Amino acid sequence: MCSRMAAGLFAISYYVLLVLICTPLCYVQLKLGALYKRAIVGIFSQILPLYKGFAAALLIMTYFRSITHALEISYGVYYMFASCMRPFPWALQQEVNMSSHEAKITIFDNIKTTPEDSYFINDFLQRAPHIGSWGPLVWYLVLCALTVWILVYLVILKGSRGFAKVMIIIAPVTAVLIVIITIYGYAAVPDHQISLKRFLFTDLKKFSVPESQSTVGYFMSFSEFWLDAVDLHVYGLGLWAGTLPFLGTHIACNKKSVTRTWAILTACYIFSPVIILIMIMPFIDPRYPRGILSSEVGVKPGLSYLFVSIPHTFHKYALSPFMLFLLYATYILLNIQHLSLHILMIWENVWPSLPKVVMAFFKKTPILLAAFCFVSFLLTSPYLSQCGLYLYQIVCFYVDRLLFAMVIFSMVPFIIGFIRQETLRMPIDRIFMGIWYGAASLVAACFLIYNFIVFVYPESVVSYEQRWAENLGWCISVSPCLLGVLLGAVHTIFTMSGSLKERLVQSVKLGSPPISDLPDDCLSVDTGDTDLKTPCSSRHNTPMTQARAPLLKHHSNTLAEKHSQINTAHTLFPPKLGQLALAPNVDQGDPSSCINSPTAGREPFTQDSVPFGYGTLQAAKSKATVEVVIKSTSDGNIARL
């Protein structure tokens, strides 16, 4: 929409909403992810168990968008290799007008197609006449989509740490390619000044601006600017996709780490659209029509630039095919990073909840992840048929129709969790940020509701068999709510203990916020007189695999003298503390050993010398059942695990 007027004016609305919406959302979601050390489903489950379904619904909607995103990347994979051909394959097409038969089918009449647009629709996609004539799969699209999901699998194979290591390599390479393409574009394209001027500035002669209004104020009254900006924030940056809490789980819960991460993320939101726009602007001629691809409902606006305008410029000025190859390679690298982050976030939320039967069948996590990516590829395959573009339009157009409802409902757990947490900020600061977060969510929801009422609801995707397409679109739109919200609520109530009434009460009962482990966050600003720094700091002197747990009361049951048995529950301390010896093979680093000494052999210990003790438990498996008794000490401190 904004390209019809001026990208420069669009930037004003984008950065205004960046301050009003992006700023509080990024900080609150990052902070709660760092505090709870869980992704969005885990955060909602602890804050308000019944709301877990809304987190699941947001994940389903994100997964739907990830499938269509993979399809768009597969288009870039094909064009990357097609750019190596000389002459360019789209240069062989002729400029034609749509026939009357085609116009009746697609609801667009008298649209002038370009050679690049005709190549994309007819030769590349081999699009069927209408959505009812289901055609076969396009074999090279299948190979391209398979390549995309293989790349995603390789990027997230080693989990979050592996993803970070891959980004250390991919991100600098992408930055170098952006610099190379930008320099080449401004040096090789003759009319890049015209493109810049037409893109950034509006021709005021075409509009009658009232004398009582300023030029900027007049154009800012157009809703298209604000709706495009909201779309970029909500969908491109993923404010409600679940990625922000996921990123927060990988940072330390202290003021410096959270603020630094928030600043870096905000800087990415500020500069990334500008950098990408500057890179591709010389290759886009605003005077050149983009045909059917720019006019059809549900097609993202950027696709017409990538697969119509840019190919036209390279053909018109006989630019280097190698540079076009690098441009599409940059497009693939940028989007693979974006897609991999979202798929990794979904994967980290899903796989811990899988049934044990599934885990036992696949045995190894990489195999299970490969199965997940293969299923995602199979779900992408319907888009790879000759009717795939119609299905893509329906999904993109309908899947987010009820997103405004998800935004409104999902803001409740985030606000509750942020206000009730006891670290980093005083209560008045947390209340202020919570109100700002709620206002930002409501503003975004109002824009989405307006877009739904004015632009989305009255408009259909295709005219042929419109009722069938409408019903399919509404099913896609409602499915996240049904699959996520209802099933999440049922699962929450089913997994709780007690009568049905007790389960319902527990499902709406607010959970206790976690207490951060870092020394800087141990001082509770709510209680003030509860200093938790001493127990916290004593635990961080030991490695993660030998975390020491302060206890106050020793249970009557005893722990095995030699080695603990797998799948059995023990207490850390037996009654006779002074007679225990260190397990013989601890010094050799045997991970299956159990240290029965309450101090792990690090300091002298007697049962009567201090009112509490330390113990270290090592288990052969990743999970162990530990019984902990927490009690206030005589001096007012609290010892905790």
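**Aromatic pairs**

How many aromatic pairs does the count come to? It comes to 39, where rings of Phe, Tyr and Trp (its six-membered ring) pair if their centres lie within 6.5 Å, and planes under 30 degrees apart count as stacked, over 60 as edge-to-face and the rest as tilted. Before we look at some of them, please note that this is a predicted model, in which local features need pLDDT of at least 70 and side-chain atom pairs count only at pLDDT 80 or more, while totals for chains, interfaces and linings use all residues. Residues are numbered from 1 along each chain as its sequence is written, and side-chain values use heavy atoms, with hydrogens and water left out.

One of the pairs is F44 with F414, an edge-to-face arrangement with 5.1 Å centre to centre and 75 degrees between the planes. This pair links distant parts of the chain, 370 residues apart: F44 belongs to helix α2 (residues 40–47) and F414 to helix α19 (residues 403–420). Helices here are DSSP runs (H or I, at least four residues), as strands are (E, at least two), numbered from the N terminus. Both F44 and F414 are buried, meaning under 20% relative accessible area, with exposed over 50% and partly exposed in between (1.4 Å probe, protein chains only). Y79 and W90 make a stacked pair, 5.6 Å centre to centre with 15 degrees between the planes. Y79 is in helix α3 and W90 is in the loop between α3 and α4 (100–106), 11 residues apart. Y79 counts as buried because its relative accessibility is 1%, and W90 is buried with a relative accessible area of 1%.

**Charges over rings and a cis bond**

R401 lies over the face of W474, at 4.7 Å from the ring centre.

Stay with R86 for a moment: the peptide bond from R86 to P87 is cis, with omega near -5 degrees. P87 is found in the loop between α3 and α4.

**How the helices cross**

Two packed helices are described by the angle between their axes and the distance between the axes. The axes of α3 (residues 52–82) and α15 (residues 321–350) come within 9 Å and cross at roughly 155 degrees. Axes are lines fitted to C-alpha atoms, for helices over the stretch in contact, and angles run from 0 to 180 degrees between N-to-C directions. So α3 and α15 are roughly antiparallel to each other (angles under 35 degrees count as roughly parallel, over 145 as roughly antiparallel, 65 to 115 as roughly perpendicular and the rest as oblique).

With α17 (residues 365–380), α15 has axes that come within 12 Å and cross at roughly 120 degrees. These two helices, α15 and α17, are therefore oblique to each other.

**Positive phi in two loops**

Most residues other than glycine have a negative phi, and most peptide bonds are trans. K37 has a positive phi, near 55 degrees, and lies in the loop between α1 (7–36) and α2. K37 is partly exposed, with a relative accessible area of 43%.

Phi of Q126 is also positive, near 55 degrees. Q126 has its place in the loop between α5 (115–124) and α6 (139–156), and counts as partly exposed at 30% relative accessibility.

Methods. A charge sits over a ring if NZ of Lys or CZ of Arg is within 6 Å of the ring centre and within 35 degrees of the ring normal.
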